[in-house]
Amino acid sequence: MNTGHAATAEVPCTDALPGAALSGPVSHAVSRVARLHRIAAGKLLKGLGLYPGQELLMMHLWDSGPVRQSELIRTLDLDPSTVTKMLQRLEQTGHVRRRPDPDDRRAVLVEATDESCALHAAVRDAWGSLEEHTLAGLESDERTELTRLLAKVEANLCQETEGCPERG
């Protein structure tokens, strides 16, 4: 009996690449790994009351001290509205403070608050957990080699990217 629906063919589970990715297996792998890494980071950061990306903003502030909001936008290589939303959320939770730049009152300085010190340790611990989870099963020399190879890949991509953000 024909129900008007095409029969669904059984598709075996395989590790085969999608057809369009056959000419870029490494790019496909990097894309999958980056997505899964962000998901894993998000789970760890959620327990700290952070969204993925906010920890990178905080890391920059903890290391640099007060910076102009425009520098954060440039350093994080994000849309200004995204950074503004991140800062609003971080301000609401007491982790950052924004104030006019005394050297240019049109500019806004952003700084980590003293209250964010506890968050600093928690982010460090979360990133340590993420690192161990990400690299589980790799020997020390494999971890070193992976870091070296990823740095080369990053350098290649930066050569082709206008305004490539500084390594951080």
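Which residues make a nonpolar surface patch of about 220 Å²? The patch is made by L138, L146 and L150. Patches consist of residues with over 30% relative accessible area and no salt bridge, with like charges joined within 9 Å and nonpolar side chains (Val, Leu, Ile, Met, Phe, Trp, Tyr) within 5 Å. Accessible areas come from the Shrake-Rupley method with a 1.4 Å probe.

This is a predicted model, in which local features need pLDDT of at least 70 and side-chain atom pairs count only at pLDDT 80 or more, while totals for chains, interfaces and linings use all residues. Residues are numbered from 1 along each chain as its sequence is written, and side-chain values use heavy atoms, leaving out hydrogens and water.

L138 sits in the loop between α5 (117-135) and α6 (140-159); helices (H or I, at least four residues) and strands (E, at least two) are DSSP runs, numbered from the N terminus. With a relative accessible area of 31%, L138 is partly exposed, a class between buried (under 20%) and exposed (over 50%).

The structure holds 7 salt bridges, each a side-chain nitrogen of Lys or Arg within 4 Å of a carboxyl oxygen of Asp or Glu. In helix α6, R148 and E145 are 3 residues apart, about one turn of the helix, and their closest N and O atoms are 2.7 Å apart. Salt bridges that share partners also join R97, R99 and E111 into one network.

E111 counts as buried at 14% relative accessibility, whereas R99 is partly exposed at 30%.

Terms used: Buried means under 20% relative accessible area, exposed over 50%, partly exposed in between (1.4 Å probe, protein chains only).
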